[in-house]
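The following report concerns selected local features of one protein chain. Please consult the sequence and the coordinates alongside the text.

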Amino acid sequence: MSGCFLLLGCSDSYSGIEKTAEEKLTLIANGTALCVIYLPESASAMEKEAAEELQRYLQRSTQVEVPIQQETSVEPKAPVKIYIGNTRALAGEGIELAELADESYGIRVAGNKVFLFGKDRDLPHKGHWSDYRSPATKWAVNALVEEGVKVRWLWPGELGTFVPRRSEVRVSARSFITKPKLEERFYVARNRLMRFSPKDPAFMLEAGEQRRLAAEARAWMENHQAGRRLAQAYPAHAFGDWWDKYGESDPDLFAQPPTPQIMQPFPAPNRVKLRLSNPKVIDFIEKEYLAAGAPDEWPVGPNDGTGFDASAETREWDRPLRPDPMEIWKGKADLTARYCRFWNLVHERLSRHNPNVCLIATSYSCYRGIPPNNIPATAKLSIMIVNTFHGKAYDVWKAWHDRGAEMVLRPNWWWEAADAPYLPLKAQTDYIRFADKHGMRSFKMDSLVGHWATQGLAYYTTARLIEDPELPLDDVIAEYSAAFGKAAPKIEEYWRYWLEFSDKARYASTGGGDVIWDPNGLYERAQRRYQFPRNPLVGAYHALRYLYDDAVIDKAEALLQSAEKMAMEDQAMPEAVERVRFLKLGMRNLRLVRDVLKVGYEIKEGKQNAKLIARFRTKASELRALRREMTRCHAIWGESVYTNEVRRKIPTTPDVLFEEEQNVEGL
């Protein structure tokens with residue numbers, strides 16, 4: 001038996017010709033391990049972790065434990081020898097990990113030897129979700145078990161890890177080296193995720209539970225190849241600390257309000273904008289850039305929120321000119337032209353020190369427009385596109401791509417639907433494929449809020465498409481549903497019910513880009529009728545009251561009830577029942593949060609009496625208790641959801657509602 005050696009997408013020194021490997025290596029058969037896993041004598045922590053995961057997946061699938069041993073100078077006699085990581089045997093095959101590009105991983109088959117290896121990057125975790133490590137050796141293990149066992153990672157934790165039962169595990173005699181297509185792939189997940197606010201200590205999860213949940217969340221991301229090979233991850237908003245550093249000494253660095261009554265810092269110290277036309281701003285950027293060693297990349301994205309410079313000098317940079325300073329201050333005008341000019345000036349200055357410097361910028365908020373043709377594309381930019389997945393978003397992406405920018409897809413798509421199973425997957429899939437074909441370099445999703453029991457299919461679909469943009473959407477839905485065993489057809493019907501409903505609902509879509517309204521969609525019809533806020537990030541909570549009535553939820557729950565009965569008959573996959581019940585938790589939460597919002601908004605809108613307030617307190621307490629239990633299995637990430645609701649003043653909790661209603665007697 002001879003293995004082939006294929007190089008895919010790497011600039012390493014190895015090369016080869018792809019062959020179709022019809023021969024198979026049998027790892028486990030008839031309840032017996034026909035393989036042994038070998039680790040280097042001085043294995044790294046990531047190599048040990050990869051070996052243990054391979055052992056665990058094989059044991060979950062076959063109930064057979066494959067031994068892990070240390071590589072020795074004596075040639076082992078196992079029928080199949082699986083070498084993990086940087087072993088001497090791997091070097092004997094002419095493969096030196098040090099010569100591979102970062103994040104490269106591969107499988108090498110030579111006779112009865114299988115080599116699983118990768119160029120790991122282990123970044124210190126400093127509490128931010130951009131501090132991803134890149135466990136490339138684990139990705140080689142994943143490639144093996146995805147093929148030989150059909151392992152899938154649906155959501156974090158053991159229940160969300162689909163490991164089919166098998167009596168035999170065989171893998172192809174294939175060899176390759178590859179690496180993730182994108183230079184960065186990560187999912188921003190905020191607010192320590194897994195614990196409730198200290199304001200409510202009765203709802204806090206134990207420290208051990210928090211650590212377990214956080215580790216499982218990171219594992220899900222890593223199993224979908226979250227990581228980066230860039231030297232540094234830069235923020236989308238680059239000047240969050242400038243007010244604290246320079247606000248007192250150099251207030252002229254910052255945006256001029258349209259009226260004297262508005263004072264800086266506005267709307268908050270970390271969101272103050274710059275006075276772009278003031279030459280001192282570029283002087284200060286240059287000073288900080290040089291202090292950092294004049295790196296090849298430098299962030300220049302504006303801070304988040306409103307409060308854009310209304311000074312006459314900066315307004316002269318706008319095209320078309322906007323005479324109303326208040327319109328500019330509130331971000332109601334297209335300010336793309338001023339930022340294009342500003343970035344050109346910054347790049348011209350910094351490139352004096354490093355000709356290779358690339359600015360990290362954003363197409364977002366009121367500077368999300370198509371860059372004007374009359375402003376030359378002199379700045380070398382890596383541009384983060386924060387936009388919708390339809391309409392003008394295509395034109396904006398293509399315009400920046402045609403100007404030579406390095407393209408980064410940085411959506412806010414998962415903020416839009418609150419707790420609802422809103423799944424516009426076809427439109428999102430089309431946009432990801434478009435971006436892939438038009439120069440996408442990196443992917444950063446903000447944010448992975450944590451509605452796994454209602455929006456988990458959207459999370460999974462996006463992760464799979466970032467790995468392989470050509471995957472058919474129907475195939476992704478089918479492989480997700482396969483984890484439910486005999487209930488798979490009913491689960492697929494359940495998801496298609498929500499896909500069809502989402503197509504009818506047609507939420508107002510934003511994400512830092514243009515708000516797309518569909519006059520025929522259920523969402524806009526409800527908005528016109530009930531006059532709730534047009535801001536989609538808040539309007540989505542109002543929409544829960546009107547779009548998801550009992551009839552809509554009842555039909556979804558009926559599908560899950562049928563699926564549960566089918567799963568209970570599946571003796572080969574007992575965990576399928578628990579997976580169905582996981583989805584049912586999502587429906588319970590949807591119905592309950594809808595009911596809490598009905599009462600909460602009535603109180604917030606002025607209907608205040610003791611009976612209504614008591615009902616709100618009871619329902620809100622039920623919701624918090626349910627979410628606390630849902631958090632334990634990742635059905636929802638309670639702290640992340642709760643923090644978002646407090647931030648947007650959504651009345652699901654007394655923390656929000658009664659802080660604003662201090663005038664109500666008895667509260």
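The model is predicted.

**Helix α1.** Helix α1 comprises 18 residues, 45–62. An α-helix has 3.6 residues a turn, so residues three or four places apart point the same way. After α1 comes Q63, which has a positive phi, near 65°.

**The three-stranded sheet.** An open sheet is built in the order β2-β1-β10, and its pairing is antiparallel. Strands β2 and β10 form the edges, each pairing on one side only. Five bridges link β1 and β10, and T26 stands opposite R170 of β10. Helix α3 packs on this sheet, where it touches β1 and β10, and its direction makes about 115° with that of β10.

The elements of this region are located as follows.

| Element | Residues |
|---|---|
| Strand β1 | 24–29 |
| Strand β2 | 32–33 |
| Strand β10 | 168–172 |
| Helix α3 | 136–148 |

**Residue T362.** Strand β15, residues 358–363, contains T362. Is T362 buried or exposed? Its relative accessible area is 1%; because buried means under 20%, T362 is buried. Beyond its neighbours within four places in sequence, T362 is in contact with A236, G301, P302, W343, Y367, I383 and M384.

Technical notes:
Residues are numbered from 1 along each chain as its sequence is written. This is a predicted model: local features need pLDDT of at least 70, side-chain atom pairs count only at pLDDT 80 or more; totals for chains, interfaces and linings use all residues. Side-chain values use heavy atoms; hydrogens and water are left out. Helices (H or I, at least four residues) and strands (E, at least two) are DSSP runs, numbered from the N terminus. The expected span of a helix is 1.5 Å times one less than its number of residues. Buried means under 20% relative accessible area, exposed over 50%, partly exposed in between (1.4 Å probe, protein chains only). Contact means heavy atoms within 4.5 Å. Two strands pair if DSSP finds at least two bridges between them. Axes are lines fitted to C-alpha atoms, for helices over the stretch in contact, and angles run from 0 to 180 degrees between N-to-C directions.
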